[in-house]
Each structure stands twice: as structure tokens, then as C-alpha cells.
Amino acid sequence: MHYSKGELRRAKTLELIKSHGKISLQEIIEAMGCSEATARRDLDVLEKAGGIIRTTGGAIYEGALMPSAAELPFAAKRDFKRLDKERIAQAAAALVQEGDIICLTGGTTTFFIAKALKQRQNITVVTNAVNIAFELADAEGVQVVVIGGVMRAKSYELSGPLAENVIDKINITKMFLGVDGVSLNHGFTMHSELEAHIAQLMMERSSSVYAVFDQSKLEKSALFTITPLNQVTGVIMNRPPEGWFEQACREQQIAIHTPLDHTASV
């Protein structure tokens, strides 16, 4: 069967949207080498065919908004957008000062934050993620406190009554919160109810909380809400947010940190 250039281009665009969950017009233009007008027409055609939802600046994959979407294991998603996660990690590390007590939840982005903190001196890292604790095991200047509990194989996170008992006795300077989804209606979300609950308890013990995530998490909702958007001190992202999320941050005075500018803007 012969396909036209337009059909092939739209098929590739659809694959990009499915793989990343969302896409911007600029990303389509760069990936496909087409004009903005062509990118817009392609999205119109794809939306009519079903499966995607148009947004102001691009489109999202309809399946990405389904709360029942399967959770991928840590190893499968660690290297997805790895460069972005490493840059977010450097921006997060820039906020850490000597003497800080840092909390790292489980997640691929927080794992890279742990790697970025390995050479620091006189800091404490509290975590409920076994892989993060192991990563910091040989960091001489970092004291590691592991919250006990039962481990989930997909995330390496510990949760349950043992973890809750430890959290109630600790005080945290800065918490870096890994998330599975970010949406206006559902806030910051996770796939696991147990992990969301542990994150909520650690937030209560933290002086400041920073949600860390790349652009692919926006407009996605996992099954369980950790906290509404306005309950975090700030967000650390791979690039400045746009559209509804930028507006929400400014309206709710959520500080925005990016790798290119470690100073906060609200």
C-alpha cells in the first residue's frame, strides 16, 4: 500500500505523541521539519481520527490521561529523558546547602538528584527508596537515613507502618518530591497509594517541598493524588513551564526553578 508524505508524517507524529504522552507544536516542527501551519493541520486530522486531544500549544495522547495507565518499573524508565533529568538534578542540587537535611522520595529524577549530591559534605539525606540509599552508600560527606518498611519492586520504595513511625520523628529542611503526573484538577499524583501516603507524611515534616519532574509529566494524572499544586514551595523542571501550568504557578506563588536559571521566579 502506498502512503502519501502527509500520511507518513502524521503517523510519525502520532507515534511521538504516544511515546511521550504529549507534544508541542515546536517539537513537531523540529522533528518533522515542517511548517507550523502544517503541524497544526496534522494535529487537526489526528484529533478527528481519535486518540489525541488538541491543546493550545500542541496535543496530548488521550491514553496518557487514563488513571489506570500501567506503571513502568524503575529500570524501564530511568533513561527516558535522562539528559533532562540530570539537568533537573543539577538545579535541585544547587538549592542544597551544607547542613541541610534533604528528603528524596523514590523516582528516576530523585535518583539523579542523589547522584548529583554524592560529592557534597555535611548533609543528611532521608529517603524511603532503597536504590537511592545504595547510590549514596559510598558518599563520605553524606549521612543517609533510610526509612524502613516493605519494598515495592517497581519503585524500590519502602512504605507501611515501619516507615510511618520513623517519619514522625525526623525534621527535614528540603524535600524533593518525585511525581508520576501533574494536572490542574488532580495536582501532583502517584501510581501507588502507599507511596503517596508516605510522601504526604514526609511533606508534613519538611520546611520546604520541591516537586521535580520533566515536561512529559504535565497533563497526566496517576491514580492517587499526593497533594494539590498549591501545597509545594516550588517546582524544578527541565525548562520553564508554559500555558496553564505557568499561570497556575504564578497565581499560587509557586517558585519555578530550571537548569538555566537557579533563581526562583513567581
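This is a predicted model: local features need pLDDT of at least 70, side-chain atom pairs count only at pLDDT 80 or more; totals for chains, interfaces and linings use all residues.
Local features require pLDDT of at least 70 and side-chain atom pairs pLDDT 80 or more, while totals for chains, interfaces and linings use all residues. Residues are numbered from 1 along each chain as its sequence is written, and side-chain values use heavy atoms, without hydrogens and water.

The structure contains 12 salt bridges. A salt bridge is a side-chain nitrogen of Lys or Arg within 4 Å of a carboxyl oxygen of Asp or Glu. One of them joins Asp42 to Arg9, with an N to O distance of 2.6 Å. Asp42 lies in helix α3 (residues 36-49) and Arg9 in helix α1 (residues 5-20), so the bridge ties together parts that are 33 residues apart in sequence. Helices (H or I, at least four residues) and strands (E, at least two) are DSSP runs, numbered from the N terminus. Asp42 is buried, at 2% relative accessible area. Buried means under 20%, exposed over 50%, and partly exposed in between (1.4 Å probe, protein chains only).

A salt bridge also forms between Arg152 and Glu195 (2.6 Å, N to O). Arg152 sits in the loop between β7 (150-151) and β8 (158-159), and Glu195 in helix α9 (residues 193-204), 43 residues apart. Arg152 is partly exposed, at 21%. Glu195 is buried, at 4%.

Asp138 pairs with Lys118 at 3.1 Å, N to O. Asp138 is in the loop between α7 (130-135) and β6 (142-146), and Lys118 in the loop between α6 (108-116) and β5 (123-127), 20 residues apart. Asp138 is exposed, at 55% relative accessibility. Salt bridges link Asp138 and Lys118 in a network with Lys115 and Glu135.
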